[in-house]
Amino acid sequence: MTWLKPVQIDADAQAAYNEFLRDLEARLADPATDRNVLAREVLAQAMYGREYGQLLADAPLAALNLDARNVTFEAEYYMVTDAERFARVKPLLWLWKNLDLTPVGQNPVTGIPTRRLLAGYIFRRVGRDFKCWQNVEFSVGYNMEVGDNVVVHRHVLLDDIGGIELHDYASLSDYVNVYSHTHSVLDGPDVTLRKTVIGRGARITYHSTVLAGSVVSDDAMLATHALLRGDIPPHGIAMGLPARVTRFKDRPRPEAYVVDSRTYPHDAGRKANPAFPDPTPNQSRLPGEGDL
């Protein structure tokens, strides 16, 4: 049962929004569509209220920055990023990011269904009724696996370069960070990728951080401002820096779990930079051990 209620807007406005979404969906589904051209055209209308060609003539600096071919993403500088796969999703990520800065993106009536539509062409997998609020960031997008009825709130960072799974009914609150890569203590370029898994019905709450390779089990919860660098068992509530399981939800247990950190396959890790050994050796010590 949801605590949300339906909200209606003006029928003519809703009809116009529906037409926009139908047109966008049709163009995305057409294999002949140039996604870079599509993205820049939509952004020119949403941000400046004019055709791209007119904007290019009147304000070339503004126009050129609407075309994803004229910009770079951080992920393009990573050795491990698949250039071909990223090229396919890059214009859609640029469209997503910039629409969020406009009334189209800020309005849930248009923003949420637009992101849901784009996710289907960016993510590795996305289920039914994905609800994503504004200003969510991805590393590459194509390593996201999202189940049914997943909710991602505002200003969330999903570093999916090593892979992220969000299972059915998972919820990520505002300003959550989920990572799938780590840097060694001594050598920043020594990067290890590990898939991070958020289980069915799990809740990652406000301003908390999940580090690479963590497995959050079904119905588990990570408390506000917590830092998780491991696992949470089913129904567990973890809090603190670093997070520790301090409570369990008092509810009937199901016969089986989709994600149980005690048995779920953990990513052994793979190197993003071939110049460094695999695995990375221990590079730190406790205070008092070997002090000069």
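Two residues are in contact when they have heavy atoms within 4.5 Å of each other. The model described here is predicted, so local features need pLDDT of at least 70 and side-chain atom pairs count only at pLDDT 80 or more, while totals for chains, interfaces and linings use all residues. Residues are numbered from 1 along each chain as its sequence is written, and side-chain values use heavy atoms, with hydrogens and water left out.

Leaving aside residues up to four places away in sequence, lysine 271 touches Asp190, Val191, Thr192, Phe276, Pro277, Asp278, Pro279 and Thr280. Lysine 271 lies in strand β21, residues 270-271; helices (H or I, at least four residues) and strands (E, at least two) are DSSP runs numbered from the N terminus. Lysine 271 counts as buried because its relative accessible area is 18%, where buried means under 20%, exposed over 50% and partly exposed in between (1.4 Å probe, protein chains only). Its side chain makes a polar contact of 2.7 Å with the side chain of aspartate 190, and another of 2.2 Å with the side chain of threonine 280. A polar contact is a pair of N or O atoms within 3.5 Å; within protein, one must be able to donate a hydrogen and the other to accept it, and residues adjacent in sequence count only if both atoms are side-chain atoms.

The largest nonpolar core comprises 62 residues, and those with the most contacts inside it are Trp96, Phe123, Phe130, Val152, Leu158, Leu166 and Leu222. Such a core is a set of buried Ala, Val, Leu, Ile, Met, Phe, Trp, Tyr and Cys residues joined through side-chain atoms within 4.5 Å. Among the elements that each supply at least two residues of this core are α1 (11-29), α2 (35-48), α5 (83-99), α7 (108-122) and β7 (164-166). Helix α5 gives the most, with eight residues.

The packing of these helices can be followed in pairs. Axes are lines fitted to C-alpha atoms, for helices over the stretch in contact, and angles run from 0 to 180 degrees between N-to-C directions. Helices α5 and α7 pack at an angle of about 160°, with their axes 10 Å apart. This makes α5 roughly antiparallel to α7, since angles over 145 degrees count as roughly antiparallel, under 35 as roughly parallel, 65 to 115 as roughly perpendicular and the rest as oblique. The residues of α5 that meet α7 include Val89, Leu92 and Trp96, and those of α7 include Thr114, Leu118 and Ile122.

The axes of α2 and α5 come within 8 Å and cross at roughly 10°; the two helices are therefore roughly parallel. Likewise, the axes of α1 and α7 come within 11 Å and cross at roughly 10°, which makes α1 roughly parallel to α7.

Leucine 166 touches Met144, Val152 and Ile198, among others, not counting residues up to four places away in sequence.

Glutamine 8, by contrast, is found in the segment before α1 and is exposed, with a relative accessible area of 70%.
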